[in-house]
Amino acid sequence: MSQSFAKNTFNQLKNKAEKAIHRGLDQHIKLAVTGLSGSGKTAFITALVKHLTSQADEKNLPFFDVIREKRHIATKIVPQQALTIPTFEYNKALNSLLPQEGEPHWPASTERINTLRLAIKYQSNAGLRGHFAPQSTLYVDIIDYPGEWLLDLPMLEQSFQTWCQQQYTLLTQTPRLHKAQLFLEALSNLDLNASVNESQLADIATQYQQLLKGLKKETKLAMLQPGRMLMPGELDGAPLLQFFPVAEVPDEIVVGSNLAHLKKRYDAYVKEVVKPFYAQHFRHFDRQIVLVDVLSALNEGTETLYEQSRVINQLLNHFNYGEAGFLKRLFKPKIDKLLFAANKSDHISAKHHKDLALLLDSVVHEQSNHLKFDGVQIETMAMSSITATQPRQIIEKGVMLDCIYGKPLGENEWLTYLPPQPPARLINKDEWPSKGFAFLSFSPLPSPDKRLNHIRLDHVMQYLLGDKLT
Ligand SMILES: Nc1nc2c(ncn2[C@@H]2O[C@H](COP(=O)(O)OP(=O)(O)OP(=O)(O)O)[C@@H](O)[C@H]2O)c(=O)[nH]1
Ligand SMILES: [Mg+2]
């Protein structure tokens, strides 16, 4: 009997110790904000900081437990841990959304990697019950980066040969084919087996870069590689970037030939650019939000929507997932909670948010099924980091219409408009509406009281951080 008493006491102590260590370990988390270019990463981070640092009230964030339970003390940006990476320019982003004077505008597209650390000070539940550590701080590390750079991650597993097969095939199909004519013509004049001709390679690489830039500007196609051709950062003009896909790469390549040079540059790009970027910044996350701009993809049609779906599913292969017991996390952090967010849901009426979430659910179904099996918690939500519209109900011919009101991007007039209903699952070409979809984009709303509005950002915070703030 005394033995079992001792065992029970020991177990209780062990439990307590584990809980204490657990609490200690949970003081830091790394949040992966993932999304293709234009999906809303920078806007999301700006909104997260703004709401936590200056709008953290119950009315604004009712579904974030730490706020609703009045346990949030204060949040602020604190010095980051990574000293070699520039700091996220929060004030710059906020000033463009809430300017002292003039029209608000969206923050610019991100050109280099940057980071930010948030400290959330709160009253722990344990503290409320009269135990030790009444106040705790959760540090949240976030990085922001050009979405284009994310597109390179699949290249980590591809040889020059397999990359060419994939990319060249895409260039010879709709919707790329007619835009790729000039590049394909220039390529047909290149003798791959001839001795290297640096200037010809540079010219064709420039053509390829123009093609990628044109595709980026005019479409929402997601498979545009190499990403640094679109957003070179410090690599602008480097020979490392002067490569492009060719029709066929034989197993044996003539030494010193044009083809040998292309392969060498591809290999160097993967080894010296993609790998270090991945190794330094894309490991060791604890939580992840994947922002997806499903509505813009719908605007363009089936090819874009399916390509976006393929790329997102592929990208997720590059993060570490799994159940994160405290010992496991100590040695190898893993993402144990993942949120797929159908962003910019303020572009549609509220009654269709559910359809949007269901559509995203079917876009990511392949990976999420797989990850759920491995014990990862997954949720899909329609949200908006920064709402740019207001709901308006209009009665037309006796029927109540749920419209939205806002200023379409690049226009001067305000508009009340009835947005289309998104499909509630991935639809194929035959099911696609004959006129396609036409969702509008909007400028940010002016805000005299200097507050930002959101849709379900509090649900997002609760899902990603709530359990770390108990
Ligand atoms: N209506 C609405 N539009 C948004 C929202 N978030 C982003 N946008 C729009 O999407 C655009 C891109 O958002 P960013 O936050 O710059 O996207 P990003 O993922 O950081 O893009 P890169 O820096 O290019 O990788 C913005 O300029 C806005 O037009 C949102 O919550 N609501
Ligand atoms: Mg950005």
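**Questions on a predicted model**

Trainee: In which loop does Lys397 lie?
Mentor: Helices (H or I, at least four residues) and strands (E, at least two) are DSSP runs, numbered from the N terminus. By that naming, Lys397 lies in the loop between β8 (390-396) and β9 (399-406).

Trainee: What is the phi of Lys397?
Mentor: This is a predicted model, in which local features need pLDDT of at least 70 and side-chain atom pairs count only at pLDDT 80 or more, while totals for chains, interfaces and linings use all residues. Residues are numbered from 1 along each chain as its sequence is written, chains are lettered from A and ligands numbered from 1 in the order in which they are written, and side-chain values use heavy atoms, with hydrogens and water left out. Most residues other than glycine have a negative phi. Lys397 is not a glycine, yet its phi is positive, at about 50 degrees.

Trainee: Which residue does a cis peptide bond join to Thr174?
Mentor: Most peptide bonds are trans. Here omega is about 0 degrees, and the residue joined to Thr174 is Pro175.

Trainee: Where is the place of Pro226?
Mentor: Pro226 is joined to Gln225 by a cis peptide bond, with omega about 0 degrees. Its place is in the loop between α9 (198-218) and α10 (258-281).

Trainee: What is the area buried between domain 1 and domain 2?
Mentor: The domain assignment, automatic or from a database, gives domain 1 (2-150 + 283-389 + 447-469) and domain 2 (154-279). In contact (heavy atoms within 4.5 Å) are 24 residues of domain 1 and 23 residues of domain 2. Buried area is the accessible area (1.4 Å probe) that two parts lose on being put together, summed over both. Carbon and sulfur atoms give 60% of the buried area, which is about 2,100 Å².

Trainee: Which three residues supply 34% of the area that domain 1 buries against domain 2?
Mentor: The share of these three is more than that of any other three residues. They are Glu148, Trp149 and His318.

Trainee: With which residue does Lys216 form a salt bridge?
Mentor: Side chains of opposite charge can pair when their charged atoms come close. A salt bridge is a side-chain nitrogen of Lys or Arg within 4 Å of a carboxyl oxygen of Asp or Glu, and the count between domain 1 and domain 2 is two. With its closest N and O atoms 2.8 Å apart, the salt bridge of Lys216 is formed with Glu148.

Trainee: Which helix gives the largest share of the side of domain 1 that touches domain 2?
Mentor: α6 (147-150), α11 (294-300) and α12 (302-315) each supply at least two residues of that side. The largest share, eight residues, comes from α12.

Trainee: How many residues apart are Asp336 and Arg287?
Mentor: Their side chains meet in a salt bridge (2.9 Å, N to O). Asp336 is in the loop between α13 (326-331) and β6 (337-342), and Arg287 is in strand β5 (residues 287-292). The pair thus links distant parts of the chain, 49 residues apart.

Trainee: How many residues surround ligand 1?
Mentor: A residue counts as near a molecule if one of its heavy atoms lies within 4 Å of it. The closest to ligand 1 are Lys41, Ser109, Thr110, Gly147 and Asp346, and the number of surrounding residues is 22.
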